Amino acid sequence: MVAGESGLGKSTLIDSLFLTDLYPDRVVPTAQDRIKRTVQLDANTVEIEERGVKLRLTVVDTPGFGDAIDNTDSFQQIIKYIDQQFDRYLRDESGLNRKNIVDNRVHCCFYFISPYGHGLKPLDIDFMKQLSNKVSIVPVIAKSDCLTMAEIKRLKVRILEEINAAGIKIYNLPDVDTDEDEEYKLQVAQLRESIPFAVCGANAMVEIGGRKVAGQAVSQGYCGCGEPRAL
């Protein structure tokens with residue numbers, strides 16, 4: 001599941017991660033349409049293959065979240081959907097035919113945080129607090145390419161302070177086994193230090209040094225989606 005305010009690049013990032021177009025027919029609503037818009041749930045399923053392993057991936061988008069003037073109960077429909085998927089899976093597990101069960105539970109939620117503020121908004125805190133006991137929440141700073149490295153570090157510190165103060169449980173990478181190689185241990189440690197992740201997405205390909213990568217061309221050069229700075 002991906003959640004967050006409109007315009008933070010949720011769909012673009014998902015397309016960048018899995019090199020696919022999950023929303024070919026999506027129509028971007030106008031400002032007038034968003035006034036009357038309510039929270040919707042848009043589930044898209046695609047099969048991807050990574051190193052010979054096929055994976056059935058379902059991405060649940062939440063268009064309309066955070067667009068209303070009063071967002072007090074805007075996440076109730078999302079919570080209802082998550083609970084319904086858990087109940088559905090429990091019924092299927094309790095049935096007689098359990099061979100062809102389709103697991104539609106929400107296992108992870110990427111929550112997109114605006115890079116333009118000075119931390120979390122009340123809606124961000126309320127949403128993550130409500131969902132932290134139901135799914136694994138991964139907070140990400142959207143459109144991080146508009147911030148400098150110093151600004152990203154300050155924003156990360158502020159966000160983690162507010163998350164801990166609110167008692168929100170976010171996803172933590174599992175402990176590494178002692179017999180793992182040092183390079184892998186270092187990689188996991190770096191990922192832990194990078195939370196919340198600062199990300200950027202792009203659905204266009206740019207040619208850099210003779211190779212094509214997903215990214216955005218800017219006046220100073222380019223911003224590649226696979227660059228370490230995008231963490």
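Start by selecting Lys121: is Lys121 buried, partly exposed or exposed? Lys121 is partly exposed, because its relative accessible area is 36%, which falls between the 20% and 50% cut-offs. Keep in mind as you click around that this is a predicted model.

Glu5 and Lys121 form a salt bridge, with the closest N and O atoms 2.8 Å apart. That pair links distant parts of the chain, 116 residues apart: Glu5 is in the loop between strand S1 (2-3) and helix H1 (10-18), while Lys121 is in the loop between strand S4 (108-113) and helix H4 (122-131).

Next, go to helix H5 (residues 149-165) and pick Arg158 and Glu162, which sit four residues apart, about one turn of the helix. Their side chains meet in a salt bridge at 3.1 Å, N to O. Arg158 is partly exposed at 38% relative accessible area, whereas Glu162 is buried at 16%.

Then jump to helix H6 (residues 182-193) and select Glu182 and Lys185, three residues apart. Here the closest N and O atoms of the salt bridge are 3.7 Å apart. Glu182 is exposed at 58%, and Lys185 is partly exposed at 25%.

Last stop: strands S2 (residues 42-50) and S3 (residues 53-61), which pair antiparallel over nine bridges. Click Asn44 and find its bridge partner, Val59, in S3. Two residues lie between the strands of this hairpin, and Arg51 takes a positive phi near 55°.

Buried residues make up 38% of the 231 residues.

Terms used. Residues numbered from 1 in each chain as written. Predicted model: local features only at pLDDT ≥ 70, side-chain atom pairs only at ≥ 80, totals over all residues. Heavy atoms only, no water. Buried < 20%, exposed > 50% of the residue type's maximum accessible area, 1.4 Å probe, protein only. Pairing = 2+ DSSP bridges. Salt bridge = Lys/Arg side-chain N within 4 Å of Asp/Glu carboxyl O.
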